[in-house]
Structure formats: C-alpha cells, structure tokens
Amino acid sequence: IAKKDYNKASSIISYAESDWSFPIQYRHDLAKAKIALNIANKEYEKGILSISEILETTKNKKEYARLVFIQGQLAETMGNRKEAAVFFEQALKGKLNEDLEFEAKLKVANLSDHQNADESIDMLTKMLRKGSFQSKLDRIHFALGTNYAQMRKNEKAETHFKKSIELSSSNSLKFKGFEALGNMYYDQKMYLSAAKFYDSAALLIPSNYPTKEAFLAKNVSLA
C-alpha cells in the first residue's frame, strides 16, 4: 500500500483472507490493512463497511472509538453529513484520546442539523471552559459563530467570529472568520460592511482555496 501498488496489495489481502492457515492472531491486522487499502483507493463506502466488520471483534475500547471516528471521517468525505454526525457521536461514547475527543465534538457541532443548533451551542460553550481545550479556543469560537449564524442570531455570531479571529494564529482560520462575517452582511444586503470584511479576507485567502477566483471577483464587485 505504501508503494501505491494497490492491485498487488488487494491480491495479497484477498489471498490471505481466503487462506485458512493464515494465523488467527494476525487477522485483525489484516483487516486493518484492508481498511487502509479501501481508503487509499478512495473506496470510502467499502472502508466504512470494512471497519464495521472489524468492530465486531475489537475489544479495546480506545481502538473501537478511534475506528468509529474514522467511519465518521469517511462519511463526511462522501458528503453524508447526517451519517457522519452519528458516527462522531458514537465515537464520543467510547474512549477517545483528548485530541480526537475535541475533533469529534467539533464535528458533531458542525455537522448536526439546524434543529440541533441549541444542543451544539451548549456543548461548544462547555468546551470553552475546559482547561485542556484552551489552546483551541479560536476553533471553538468559530464553530459557535457558525451555529449562531445558521440560527440568524447575527449579533452573537459576529461576536464569536471576531473572537476567533482575535485568538487565532492561523491565517486560514482568520480568512474563514472574515469571509463568514462578510457573507453574513452580504446576505443582509449590507454591502459596505460586507466589503470591509471581504477586503480583510482577501489578504489572507489560501492559495488552494477552491473558489478563490469567484471570491475575489465577488470582492471586486463590491469595491
């Protein structure tokens, strides 16, 4: 798999799976290799199914939660937001390490339906108070801003977007914050205010931003 010879890797895995003499103690590792191959081939649905199979024999609670977290990532990659949110919620019921716990909670907040925005905001607000998350407050504030914006609570959304920008050392996140503020005012037809935030975003726009040209054209149209 590391050499990107996926056809050969697939043949080896298939042969080992069908070989009854293949040691039982290595079948778990074989199953994980199959998952890695699914992901390398961008066969994300197969990856989710392969993980479901291995979960049936996974006794380690930390590994179980981590594998479910990966299912969430794969579902999100395919654009299945609801399914992804369910996987991340399930992963949080297990024993995730602190970094994955943070990521899973943020994913749940970002992927949940608008009807669950109040629950997401409550969870994010609690995360602001957790000592071990203090180095990630910029991301929490951005998620809060996003949820409030979805609820059309623009004043609160602006407060959190601005706090995210203030706290963040990441130009990418600062860009997202300025862009979100610009979008919020643009949707309200407050074009002068939108232009101000878009100008700030334009200074920080990532080179690989997927709709960079469209964003810059939109910004120029407001000048």
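Me: Which residues lie nearest the centre of the largest pocket?
Reply: Happy to start there, with the reminder that this is a predicted model. The largest pocket holds about 670 Å³ of space. Its lining is made up of 27 residues. Those nearest its centre are F142, T146, F161, K176 and A180.

Me: Which helix gives the largest share of the lining of the largest pocket?
Reply: Several helices take part: α6, α8 (137-150), α9 (154-167) and α10 (171-187) each supply at least two residues of that lining. The largest share is eight residues, and the helix they come from is α10.

Me: How many helices and strands does the protein chain have?
Reply: Let's step back to the whole chain. Its C-alpha atoms fill a box of roughly 70 × 40 × 30 Å along the principal axes. Reading from the N terminus, the elements run α-α-α-α-α-α-α-α-α-α-α-α. The count is therefore 12 helices and zero strands.

Me: What share of the contacts with a separation of 6 or more comes from residues 24 or more positions apart?
Reply: The protein chain has 223 residues, and 39% of them count as buried. Among its contacts with a separation of 6 or more, the share from residues 24 or more positions apart is 44%.

Me: Which residues have the most contacts inside the largest nonpolar core?
Reply: In soluble globular proteins, nonpolar side chains tend to be buried together. Here the largest nonpolar core has 56 residues.

Me: Are the buried residues of α5 on the same side or on opposite sides?
Reply: The buried residues of α5 are A84, A85, F87, F88 and A91. They cover an arc of only 160° around the axis. Their cover includes α3 (44-55), α4 (61-77) and α6 (98-111).

Me: Is L67 buried or exposed?
Reply: L67 sits in helix α4, and beyond four places in sequence it touches I51, I54, L55 and T58. From L67 to F87 is 20 residues in sequence and 9.7 Å in space, C-alpha to C-alpha. The relative accessible area of L67 is 4%, so L67 is buried.

Me: Is N38 buried or exposed?
Reply: N38 belongs to helix α2 (residues 27-40). Leaving aside neighbours within four places in sequence, N38 is in contact with E43, K46, G47 and S50. Its relative accessibility is 6%, and the cut-off for a buried residue is under 20%, so N38 counts as buried.

Me: Is E213 buried or exposed?
Reply: You will find E213 in helix α12 (residues 212-221). E213 and A65 are 148 residues apart in sequence, and their C-alpha atoms are 40 Å apart in space. With a relative accessibility of 70%, against a cut-off of over 50%, E213 therefore counts as exposed.

Technical notes
Residues numbered from 1 in each chain as written. Predicted model: local features only at pLDDT ≥ 70, side-chain atom pairs only at ≥ 80, totals over all residues. Heavy atoms only, no water. Core = buried A, V, L, I, M, F, W, Y, C linked by side-chain atoms within 4.5 Å. Buried < 20%, exposed > 50% of the residue type's maximum accessible area, 1.4 Å probe, protein only. Helix = DSSP H or I, 4+ residues; strand = E, 2+ residues; numbered from the N terminus. Arc of directions from axis to C-beta. Contact = heavy atoms within 4.5 Å. 1 Å grid on protein atoms, 1.4 Å probe; cavity = no way out; pocket = protein on both sides within 12 Å on 5 of 7 lines; lining within 4 Å. Points joined across faces, edges and corners; volume = space filled by probe spheres on them.
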